[in-house]
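Take each task on its own, then follow the solution step by step.

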Amino acid sequence: MIKFQYDRAADVTDAVRQIAADPEARFIAGGTNLIDLMKYQVERPPRLIDISRLPLTSVEETPGGGLRIGALVPNTDLAYHPLVEQRYPILSSAIMSGASQQLRNMASTGGNLVQRTRCFYFYDVTMACNKRQPGSGCAAIKGINRINAILGTSESCIATHPSDMCVALAVLDAKVHVTGLSGSREIAVVDFHRLPGDTPQIDNNLRRDEIITAIELPAQGFAANHSYLKIRDRLSYAFALVSVAAALELESGRIKTGRLALGGVAHKPWRSVEAEAALRGQAAGPETFARAAEIVLRDAKGFGHNDFKIDLARRAIVRTLTQAANATPQSQADKRIR
Amino acid sequence: MSTDVNRRDPLATTVAFGSIETANAQAAVQATAQQQASKSMSSYIGTPTSRVDGRAKVTGQAKYAGELNVAGLVYGSAVGATVAKGRIVRINADDALKVPGVLDVLTHQNRPRMADNDQAYRDDAAPESGAPYRPLYDDRILFNGQPVALVLAEDWETARYAAMLVRVEYKAEDHVTDLHAARGSAFVVEKPEKPRGDAAKAFAAAAVRHEAEYFIPIEHHNPMELFASTVVWSDDGKLTVYDKTQGVQNVQRYLCGVFGLKSDDVTVMSPFMGGGFGSGLRPQYQVVLAVLGAMSLKRPVRLVLNRAQMYGVGYRPATIERLALGARANGELEAITHEAIAVTSQYEDFSRNDTGWSGILYKSPNARYTHKLARLDLPTSGDMRAPGAATGVYALEAAMDELAVALKLDPVELRLRCYSDRDQNEDLPFTSKSLRECYRQGAEAFGWSKRNPEPRSMRDGKELVGWGMATGVWEALQMPASARIVLTANGHTEVATAASDIGTGTYTIMAQVAADRMGVPIDNVTVRLGDSTLPACPIEGGSWIAASVSHAIIGAADEVRGELLRIAKTMPDTPFADALAGDVVLTNGKLARAGDVARSVPIADVMRHGKVEHIERIKDNTFADISKYARNTHSAVFVEVKIDEEIGIIRVTRAVSAVAAGRILNPKTAGNQVVGSVVGGIGMALHEETLIDHAFGRIMNANIAEYHVPVHADIHDIKVIFVDEPDSIINPLGMKGVGEIGIVGVAAAVANAIYHATGKRVRDLPITLDKLQRQL
Amino acid sequence: MSDVSRSAAMAAPATINVTLEVNGRSCTLTIAPWTTLLDALRDRLGLTGTKKGCDQGQCGACTVLVDGRRINSCLTLAVMKDGAKVTTIEGLETDGTLHPLQQAFIDHDAFQCGYCTPGQICSAAGLIAEGKAKTPDQIRELMSGNICRCGAYPNILAAIQQAMTAMGGKS
């Protein structure tokens, strides 16, 4: 870890002012990802701006029947919030499937959005990585890429976004509230993260001078028919090889609205609008689900070690949609796949 | 730092048993309860006794190697090589040295003097063949991550920061780190196991044959504690070294050799060790670097490796195992061929016995064993939890399962038909072998008779259920060791030897044996270990410490008792006038006639009469010559898996391990060890694999987020049974060690259960969901 | 490398005064911003009961309670916790009496080498305070952030269950 200057932000305006004035500075809140990366020398910010004390810790109902979640609400508090548990259980479930309780106690909602990839080659500063060092190449493409992406990859990067929470936020059509020098704006979660293209060093569409202030959930929470299924190499405390968030609104056995997003397979939570269109109006059954899975994975591409993810994702999608349709969401404590 | 473990907690009155069952232990629980009630006599051996160092560990008072805070402590940070092979061309430490607080940067060019001969670097656990690695010695790079510089600074964060400013240029050379790529150049190493008959011919003629190759990847021990050394420099040049090690005297001798120091000049301490699993058998490079720093600065220095650097020390060698089993239609084996190709470094030849275990377990008139090594540009492989057996018996027991399938025989039945009452490698009888009881009791506890032999036949809802089993075997070794007992007139007993307690419970069993033999409550016993100045003790490995140390303690206690008897004979009205050493015992604080304990004299009175404050005796252990016997522990392990085949999630829902290991000194700690070993075996089967990018010769998951070990959610019910195994031959206590036996066979039992559940045989460990999927 | 050189060129490191209430005692430290809570506890306050197993948030050995919640002290900058209440393993005993979890860990032999133990116990104290874990599966899942390489998990589970009963749901 390099030596850095430490400052606290007095309020959101001050935070924006400070970050805008120092292009190399970074915000720190929970620190679970940033401190980790700083110890590995992947991140070397000369200055940290502590935003952990900003008053962004409330969870409030919105006039439209949704929920506005302060960016600094710890992951655990969000997962255990009664309104989230009741109305957005898929979000609780996804959060509880990630990391450990200690990390969830530390990690903030906003921080979870901007966490960086777990690609082995990103983490090892001796290796070529376009995300860490633009132009250096991607050692993962021909390397040990078992955990890497199968969708939306580019020749310069096959990293995945590691968040579970964001996958649930994607199916919930959440919005990210951000504030910058020129004021506040909203970004749909599905548009927040980017595909790597030839600029994999840019994870998301947050501008340099912006701070995340809140996440807003619309009213529809899919509390009746949803599931978050996370598949990994051990039964807890591991990143997803593939995860699936599925949420359905059913009307007499037919799908009125279907939402589907994948984690662990792309540079962003992978939401497939096309697959969702294929679900709409169809019977909630295996054929429909299989068709949706085919659509999601039509353009999937493996890089050797991670080829298995394509077929695994296909089966996981069908299973998760089935869990959602049957109102038997996956438990994160009972490891039997429902 | 004191190495004394003062026991403040009384013996738990409700003995927590976990799921450990033994007839002996049940009786022992009652015995304990009676002792609690009366305290009339001590009988701790065989009793589930709470750890005497438990309180120190649950309160955070136990001090590990990197935790001694001394005035003026200097903190080190090691810089690792980024190429796998080559030479250091240039090291530029200018930027690092400019950082305020940095004291020095040591490299091979400016370090203090070190020995220039291989013998000086050869520690007790070094392979016989080869030239041991010399840390920070010269410009040669032997493996990726090898330390090339040591930054010394006033605080740890500064050292860590400055370490990243040290710039090293290398002239890289071609490397090879892939066992599969190098198997063609592997060479045969001599092993004691001799061939029997003609295995190839018998195999070719056998009615039923099974032949396959199995693979175990590189695994790292990953003890929770990072390797650490704190070296305290004295003005007279003497060093006290607090080191994470499984052998303080091994490290002490090694440092004397490497630095040309006199024995009196170096003391090595390791009162607590946060896990070893074999990784601390050999001195690791951090101790050399820390000593270099202390000698250079003439100040105390601490060096703690980071988790990534923990992958630059020893590891379980990746091994290709080929088994060829030929059997008669009734299951009796006709031929066993077992070949292993394992990883070692370019500079040392490390190997253990992978291939000879079948000779101990299964009768076969024809057998052939071959062990080969492939030299790779990696650190030397090393001992890890049942080295050789964990890998070799995995392959053997998976192969036996496949043979059972081919024979349409129950896997337990096949093993019983092949059961050998003699060690065929040496053609010797066993001191004891209750493996049949392990099969019987393990199968019964598991419910094996309800198993439908047909793969894919058992289900629980959506999940396929698989029941698999395997045999485990390990050695019951005992090594020369010495112990000292100091009896004080107030009845306090101090027992000491230079052992380590790496979590195995050595403190506790030493206290138990001393308390029993000295006839005092365990609370009156102080244990000292982990100090190189104490009586000689071997490295803590191979499951030999408990038996080795216990019998040294018994010897020392007998001598103390003899001295008490000598004095007591001179007392007026002595009840011992005609007594011989064997006629008296120490019990309840008294010297008493065996068989008539009412005729006794308090120890305090004897010592007062003899005008002695304390009696001190040091004794080497001695064992009868048992070279005409084979000495082994055995186990049968039964595992249930539940598998969601569509998703590939494998859950180990139940395990039963039935162990025959002679008399169990402490069922509580021993049971825990076996449970822990089963967990290790589950990790081996499902999770653990060190991933090397062979293009760079670099480990890519050198952490414990991506090197997966089992977490709590992976582990469910594990039942341990210690079967009764009287052994009047092996040693006076009839005991064998249990440090290793618990892991042997577990990976095979899991793999066999997965086959039974799915009909798919994955022979490459770990059995991850993608490998299972590939077979679907 | 520009960020490195910028940092290397920085003047003598600024230190910051931080006040923590550690195990009921107020401690004021003058520390650099890059000092983690773990290193502050171990190297500055001599509270080495909190362990460093990975220093990357991957093992849980460094678990302490901050304002009653379990966290990884290795990924926590001490300066960010100014004014917080920190409870470490050394703070669980009261007047020489072991915390029910400490006693239960001894009773059930819920450790071997002892290195993960302080983190396990602090984590379990946090778990009980959360009040979310009722079943063995829930305990296992919510204790999965604490790796025990010795593999004492079944005994850890039994110890936590005993302590839960002994504490009657209180934390």
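**Exercise 1.** In this predicted model, find which residues C:N155 is in contact with, leaving aside its neighbours within four places in sequence.

*Solution.* 
- Step 1: Locate the residue. C:N155 lies in helix α6 of chain C, which covers residues 153-167.
- Step 2: List its contacts. With those sequence neighbours set aside, C:N155 touches B:N672, C:H108, C:D109 and C:A110.
- Step 3: Look at the polar atoms. The side chain of C:N155 has a polar atom 3.1 Å from the backbone oxygen of C:H108, and the C:N155 side chain also reaches the backbone oxygen of C:D109 at 3.0 Å.
- Step 4: Decide whether C:N155 is buried or exposed. Its relative accessibility is 7%, so C:N155 counts as buried, the cut-off being under 20%.

**Exercise 2.** Describe the interface of chain C and chain B.

*Solution.* 
- Step 1: Count the residues. Chain C gives 54 residues to the contact and chain B gives 63.
- Step 2: Find the area. About 4,800 Å² is buried between the two chains, with 55% of it from carbon and sulfur atoms.
- Step 3: Look for salt bridges. There are seven between chain C and chain B; one of them joins the side chains of B:E688 and C:R149 at 2.7 Å, N to O.
- Step 4: Go on to polar contacts. Across this interface, 32 residue pairs are in polar contact.
- Step 5: See which elements of chain C take part. Those giving two or more residues include α1, α4 and α6, and α6(C) supplies the largest share, five residues.
- Step 6: Sort the chain C side by type. This gives 23 nonpolar, 17 polar and 14 charged residues.

How values were computed: Residues numbered from 1 in each chain as written. Chains lettered and ligands numbered in written order. Predicted model: local features only at pLDDT ≥ 70, side-chain atom pairs only at ≥ 80, totals over all residues. Heavy atoms only, no water. Helix = DSSP H or I, 4+ residues; strand = E, 2+ residues; numbered from the N terminus. Buried < 20%, exposed > 50% of the residue type's maximum accessible area, 1.4 Å probe, protein only. Polar contact = N/O pair within 3.5 Å; in protein donor to acceptor, adjacent residues only side chain to side chain. Contact = heavy atoms within 4.5 Å. Buried area = accessible area lost by both parts, 1.4 Å probe. Salt bridge = Lys/Arg side-chain N within 4 Å of Asp/Glu carboxyl O. Nonpolar A, V, L, I, M, F, W, Y, C, P; charged D, E, K, R; others polar.
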